[in-house]
Each structure stands twice: as structure tokens, then as C-alpha cells.
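User: I would like to learn how to read a protein fold step by step. Could we work through this one with questions and answers?

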Amino acid sequence: MSDRLEAVLADAVPRVCAAAVALIAADGSVVASAATGELVRYADAAGSLAQERPPAGPGSIFDLASVSKLFTTVVLLSLAEEGRLGLDEPVTGLIPGADPRITPRRLLTHTAGLPPTRRIDRELPGADAAARMDAMVRTPVTHPAGGPYLYSDVGMVMAGRLAELAGGAPLDALVHARVTDVLGLADTRYRPARADRIAATEFKAERPGPGCVRGEVHDETAYALGGVAGHAGLFATAGDLLAFGEMLRRGGGPVLRPASVAEMTRDQGVTGAPFRQGLGVRIGDPGTAGPLGGAYGHSGFTGTSLVIDPARRLTVVLLTNAVHPVRGREGIRELRHAVASEALRLVDLTR
């Protein structure tokens, strides 16, 4: 039943991305899987072919980019379950000097009024990660607090730091202890130690080379913060991300209570977005879910996505490196839609 999914990926590789892995699960069982392409195809921004081009496989590891936000959200919700923070309490209780209008809920719904991005590496080129993080969490509110929706990596960086302060440990340790270790996700981590199974991303002349970035986070802000941040930084296999998605689809156990997942995936009533916004998740995002209109999840700038359709009992994972060797390649939206459409076809066949 994977032939059609394999054809969908083959049509996109290498036109859209150099490597792609997809998994579709229905009722908790994988009904289609495919992997194709090369983990490293290009040597530079000009598209010169690399001398060594290892093939992608089911166990390949990809930079999740903004899909990392879902893990940050789960950690925050687990801390809220323990009473270590309140979703509607000002963050000033943990981050003195922050704007009192900022709450965890507003951070997770992108309604805190914080700017979309902040290139802290350019602002503080000689500073260490701790000094840069200190500056990031003191970013002033520049838009209306409380809405409308304004997508903000800065807000999710603050959410990650808030988790650290509430949880008493670095974010990577919290994600490990509260999510990946609990679920047995051995290949999901920040700052992976080895790059041999990892898909390359963009060519960045300012990074240590040679060649394109591989094994280091693609996102510039996360890189400037030491590779661990609330908005980006995690690497994972498709299998690990599927297990994470299935945890949410099944109601959160053993990581979260069902009530927390219900609140996470509830329409929070945010205005100004082309989708419904939950806590950290997008619901019915036309750019990611395609025909799965009631699904929730998130996409990543590198070309990744996780889509969960509870009504159809579907979980769909797509991992690509669409920024290799340069960003701005066309077709990732169409590829996401094609994978979602195949998931819909497969679940319809089983009814």
C-alpha cells in the first residue's frame, strides 16, 4: 500500500527536496511508508553535486525546525499540570521585568504582541548564548497584546525559557525527561552527536564548513542560542515523530492528561490567522493539512510537518530538507497536500 506514497515522494525528489521520508498511520498502525532521495545531494549554494551522496532511508534524521514548537508546548503543559505555572498567569512571576501582559497562553497562541523574529546573532555578535537568551526574553511587546494573531518565533523562544525556569532544568533536559525518554524516542534530540544519518540543509557561508549545514540546527536564532530553543532545534526520525503524534492523538498518555491535550487542540478563538489556533498547534492549516480540514499539527521551515486528524484516526508525518542547498524552492506545499491526500485515500479504503 506504499506504492502510491512512494510515487508522490518520487515526483518531488529532487525537484522540491533532496530527501523525503513519509509515514501514514491509521488507528495506530502504519498503512504507508516511503523514503527516497539523498541525505546530502549538493555541495554548495550553486547546486554542485556532492562527491558523497548517502541515500535517505526510514531511519534518516531531519531538522524539525518549527515542529519543535510542539515539544515545547507539551513540556509547558506538563509543567502546568504540576502547578509550576499557570497558562493565564503573567510570565513576570518567572521572568522579572517582562511585560505583564504576556502569559503562557498568549505565547502559545502567538497573541503576546511580540515581533515575528529577532536576529540576536547580528545584534549581539560577540555575546554568548546566555546573554543572547537574556536579551531575547526581554524583547518588548510591539503589537497589540491579546491578538490578533502574529506568528512569533520570539514568543516561542520565551516559552522555552519559561519552561526552563518553571522546570528547573535546561529545555533539552526537560524535553528528554518529560517527552522523549517517556516515549522511547531515541533519535529525537537537540544537537545530535553524529551527522551520518542526518539530512543536510542550507549552504551557509558563515557556518563552519565545508559544504551545507548538516547536524547543526538550520535556524539562525536557535543556532545563536546554542542549538536549543523553544521554537526550533530538535532533530528526529519519521518514526519518532509518528510516535509523538500518536501520543497526542490517543489523548496524551503517558506524557499528558487527556484534559491538557483537549485544551492544546481546542480552537482558542484567535483572530487574524488563515487557520484555527490551538496551544502551539494549528488546526485546519490549509498550507499543511490539505484535505484534512479538521486536522491539527505544525510545519517546519526546513520542509517538515506533522498532521494529526483525530476524527479519521490519522497521523501523517512528512520529513524533507527542502532548504537544501538554498531556501525558497517551490513545491513543498503541494507535496504536503499530496501526502495528506494519500492519507485520506487510504483511510477511506479501510472504511
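**Strands, helices and rings**

Analyst: We can begin at a hairpin: three residues stand between strand 8 and strand 9, and among them Gly 303 has a positive phi near 115 degrees. Helices (H or I, at least four residues) and strands (E, at least two) are DSSP runs that are numbered from the N terminus, and two strands count as paired if DSSP finds at least two bridges between them. The model is predicted, with local features needing pLDDT of at least 70 and side-chain atom pairs counting only at pLDDT 80 or more, while totals for chains, interfaces and linings use all residues. Residues are numbered from 1 along each chain as its sequence is written, and side-chain values use heavy atoms, with hydrogens and water left out.

User: In strand 9, which residue is the bridge partner of Ser 299?

Analyst: Strand 8 and strand 9 pair in the antiparallel sense, over five bridges. Within strand 9, the residue that partners Ser 299 is Ser 305.

User: How many of the residues of strand 9 are buried?

Analyst: A residue is buried under 20% relative accessible area, exposed over 50% and partly exposed in between, using a 1.4 Å probe and protein chains only. On one side of strand 9 the buried residues are Thr 304, Leu 306 and Ile 308, and on the other they are Ser 305, Val 307 and Asp 309, so both faces are covered. The count of buried residues in strand 9 is six of six.

User: In what order do the seven strands of the open sheet run?

Analyst: Strands of a sheet pair through backbone hydrogen bonds, either parallel or antiparallel. In this open sheet of seven strands the pairing is antiparallel, and the order is 2-1-10-9-8-7-6.

User: Why is one side of strand 2 and of strand 6 left without a neighbour in the sheet?

Analyst: Strand 2 (29–37) and strand 6 (276–277) each have a single partner strand. One side of each is left without a neighbour because both stand at the edges.

User: What angle does the direction of helix 9 make with that of strand 10?

Analyst: Helix 9 (residues 238–249) packs on the sheet and touches strand 1, strand 2, strand 8, strand 9 and strand 10, where contact means heavy atoms within 4.5 Å. Axes are lines fitted to C-alpha atoms, for helices over the stretch in contact, and angles run from 0 to 180 degrees between N-to-C directions. The direction of helix 9 makes an angle with that of strand 10 of about 150 degrees.

User: How many residues apart in sequence are the parts tied together by the pair of Phe 71 and Phe 244?

Analyst: Rings of Phe, Tyr and Trp (its six-membered ring) pair if their centres lie within 6.5 Å, with planes under 30 degrees apart counting as stacked, over 60 as edge-to-face and the rest as tilted. Phe 71 and Phe 244 are stacked, at 3.9 Å centre to centre and 15 degrees between the planes, and both are buried. Since Phe 71 lies in helix 2 (residues 68–81) and Phe 244 in helix 9, the pair ties together parts whose separation in sequence is 173 residues.

User: Are helix 2 and helix 7 roughly parallel or roughly perpendicular to each other?

Analyst: The axes of helix 2 and helix 7 (residues 171–183) come within 10 Å and cross at roughly 75 degrees. Among the residues that meet are Phe 71 and Val 75 in helix 2, and Leu 174 and Val 175 in helix 7. Angles under 35 degrees count as roughly parallel, over 145 as roughly antiparallel, 65 to 115 as roughly perpendicular and the rest as oblique. Helix 2 and helix 7 are therefore roughly perpendicular.

User: Is Pro 192 buried or exposed?

Analyst: Pro 192 is in the loop between strand 4 and helix 8 (220–224). Not counting residues up to four places away in sequence, Pro 192 touches Ile 198, Gly 215 and Phe 235. At 13% relative accessibility, Pro 192 counts as buried.
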